[in-house]
Amino acid sequence: VQLQASGGGLVQAGGSLRLSCAVSGRTFRGTVVGWFRQAPGKERMFISAIDWSNWSSNSTYYADSLKGRFTISRDNARNAVYLQMNSLKPEDTAVYYCAADRTAGRVGPWSRSALKYDYWGQGTQVTVSS
């Protein structure tokens, strides 16, 4: 599985950005795609995850601290997962990564662990100015 994140950039506080994750290669039934971010000097932090190849489910899972401002979605026809980010704050500044867990089965609390994901994209920088 190959993933490529894009859509980052510089935005003012209160603004919005939509990140895209292009998903290619072989995915198995039950693959989950997640978004993480990592700020300088901090650990990688879970943002959200979505069922990717479960055709009967479009379930999502969010970090409590970001639910309501960030929305994850998928478009299997375009082989893409999106992260819509609204009301951005300077503390949202980070490198944003998308990743795939091919053995998840479905999203759930386990989706929060970066260790569950075995394929990662290269990251896209998001900078929010005050």
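## An exposed arginine and its partner

Arginine 78 counts as exposed in this predicted model, at 62% relative accessibility, where exposed means over 50% relative accessible area, buried means under 20% and partly exposed lies in between, for a 1.4 Å probe and protein chains only. Its side chain meets that of aspartate 75 in a salt bridge (3.3 Å, N to O), a term that requires a side-chain nitrogen of Lys or Arg within 4 Å of a carboxyl oxygen of Asp or Glu. Aspartate 75 counts as partly exposed, because its relative accessibility is 22%.

## A network around aspartate 92

Arg37, Arg69 and Asp92 are linked in a network of salt bridges, and the search of the whole structure finds 4 salt bridges. Aspartate 92 meets arginine 37 at 2.8 Å, N to O; this pair joins distant parts of the chain, 55 residues apart, with aspartate 92 in the loop between β8 (80-85) and β9 (94-101) and arginine 37 in strand β4 (residues 32-38). Strands are DSSP runs (E, at least two residues) and are numbered from the N terminus, as are helices (H or I, at least four residues).

Aspartate 92 also forms a salt bridge with arginine 69, the closest N and O atoms being 2.8 Å apart, and here arginine 69 lies 23 residues away in the loop between β6 (60-62) and β7 (70-75). Aspartate 92 is buried, with a relative accessible area of 1%, while arginine 69 counts as buried at 15%, and arginine 37 is buried too.

## Basis of the values

Residues are numbered from 1 along each chain as its sequence is written. Local features need pLDDT of at least 70 and side-chain atom pairs count only at pLDDT 80 or more, whereas totals for chains, interfaces and linings use all residues, and side-chain values use heavy atoms, leaving out hydrogens and water.
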